[in-house]
Amino acid sequence: MLLSPTAAPLSFVSQAQAQSVRVVPEGNRFRSQPKIPYASSRRTSAAKSTYDAKFDKVLAVLKRDRRLMSSIKRVAKRYKIDPIHIIGSIVGEHTYNYDTLDSAQSYYVKALSYAGIRFDFELNGEHVDTFVERPQFDRCRKEHIQKSSDRRWSCYENVWNSKFRGRKVDNVRYPKKNFNEAFFQPLFAGQSFGLGQLSPLTVLKMTDRVNRQSNFRKLKASNPEAVYNATMDPNISLHYMAAIIQDSIAAYKSVGKVDISNNPGLTATLYNLGDPWKRAAKFRRTGRSWPRENYYGWLVNDRIDDLKALL
């Protein structure tokens, strides 16, 4: 007589699952800093500055602005992440991808200056909400995709890239721009804004995650003023920064089977690059022992003692 196998206790299963996730060691995998993109060096040269000078300046601003540091710690606690991840992302953005950070107060002022400006997220007069009703986006209308702002907007973005970007569709030639550039920047030349250098598209992706963990309402493309306010107002944008970092840690734990929560250089790298779920899957396929940082994350790990001193 064959006996059916006894089901494993739930505690054993959960332990086995936890053991399958390996903790990434601290520090960098690369001995020297990976190559810095030309666009970053060009911006820095144009400002007659250096990376070291910009790093020191943003560090000084953070050290001086205790109100901001207090907010960073409070938001990090709410999202159950180490505040060093948020600090690393701010420092990386303002060292490489933005001229410099003069003060957090300047972003409060900019947020107020954008208030009351009327504009829409559209391309050639067509709102993005109308554009994504095209049949090319049918696969994005599945229930499990529509229920998640991240999955929904990521799906729209992927369809744009594969079906419309730089292509001629129904006798209309579409620009060779990414989804964010094409629809979400009606007034500004840059791709990202505010303390965390967020893009409107990223904010829309993260709105469900932020809503679940804060008192902020979900954002919609039909209310672009609220979306831009979330990118510019540090009181709100810090929540979106934390959500992005939290999402990256979750992606690598779930798909990559590694825990990157003790390596701020990796979370900074993913903050810089985006698409953590795709990158986690790609890492798993490579068979490498550990994920590797880019130039941006390398700096964060290399200067980690300076960053921790802020706390």
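## Ground rules

The model is predicted, and local features need pLDDT of at least 70, side-chain atom pairs count only at pLDDT 80 or more, and totals for chains, interfaces and linings use all residues. Residues are numbered from 1 along each chain as its sequence is written, and side-chain values use heavy atoms, with hydrogens and water left out.

## The big picture

The protein has 17 helices and six strands. Both are DSSP runs numbered from the N terminus: helices are H or I with at least four residues, strands are E with at least two. Of the 311 residues, 47% are buried. Here buried means under 20% relative accessible area, exposed means over 50%, and partly exposed is in between, using a 1.4 Å probe and protein chains only.

The protein exposes about 16,400 Å², with carbon and sulfur atoms supplying 50% of that area. Those areas come from the Shrake-Rupley method with a 1.4 Å probe, and for residues only the protein chains shown count as cover. As for contacts (heavy atoms within 4.5 Å), take those between residues at least 6 apart in sequence: 71% of them join residues at least 24 apart.

Two packed helices are described by the angle between their axes and the distance between the axes. Axes are lines fitted to C-alpha atoms, for helices over the stretch in contact, and angles run from 0 to 180 degrees between N-to-C directions. Angles under 35 degrees count as roughly parallel, over 145 as roughly antiparallel, 65 to 115 as roughly perpendicular, and the rest as oblique.

Start with α13 (residues 234–254) and α14 (residues 264–273), whose axes come within 10 Å and cross at roughly 110°. These two helices are therefore roughly perpendicular to each other. Their crossing is right-handed; a crossing gets that label if the near helix is turned clockwise from the far one by less than a right angle, and left-handed if anticlockwise. On the α13 side, the contact uses Met-241, Ile-244, Ile-245, Ser-248, Ile-249 and Tyr-252, while α14 brings Thr-267, Leu-270 and Tyr-271. Sorted by class, this contact of α13 with α14 has seven nonpolar, two polar and no charged residues. For those classes, Ala, Val, Leu, Ile, Met, Phe, Trp, Tyr, Cys and Pro count as nonpolar, Asp, Glu, Lys and Arg as charged, and the others, Gly among them, as polar.

Helix α5 (residues 83–97) packs with α13 at an angle of about 110°, the axes being 10 Å apart. That makes α5 roughly perpendicular to α13. In this pairing, His-85, Ile-86, Ser-89 and Ile-90 of α5 meet Leu-238, Met-241, Ala-242, Ile-245 and Ile-249 of α13. The class count for α5 with α13 is seven nonpolar, two polar and no charged residues.

With α11, the packing angle to α13 is about 90° and the axes are 9 Å apart. So α11 is also roughly perpendicular to α13. From α11 come Thr-202, Val-203, Met-206, Thr-207, Arg-209, Val-210 and Gln-213, and from α13 come His-239, Tyr-240, Ala-243, Ile-244, Gln-246 and Asp-247. The contact of α11 with α13 divides into six nonpolar, five polar and two charged residues.

## Residues in helices and a strand

Ser-237 is found in α13 and is buried, with a relative accessible area of 0%. Leaving aside neighbours within four places in sequence, Ser-237 contacts Leu-195, Leu-198, Ala-230 and Thr-231. His-127 sits in strand β3 (residues 126–127) and is buried too, at 17%. Not counting residues up to four places away in sequence, His-127 touches Asp-120, Phe-121, Glu-122, Ala-221 and Ser-222. His-127 and Ala-221 are 94 residues apart along the chain, yet their C-alpha atoms are separated by 8.8 Å.

Over in helix α9 (residues 149–164) you'll find Asn-158, which is partly exposed at 26% relative accessibility.

## Loop residues with positive phi

Most residues other than glycine have a negative phi. Asn-171 has a positive one, near 65°, and lies in the loop between β4 (168–169) and β5 (172–173). At 73% relative accessibility, Asn-171 counts as exposed.

Gln-197 also has a positive phi, near 45°. Its loop runs between α10 (179–183) and α11 (200–213), and Gln-197 counts as buried at 9% relative accessibility.
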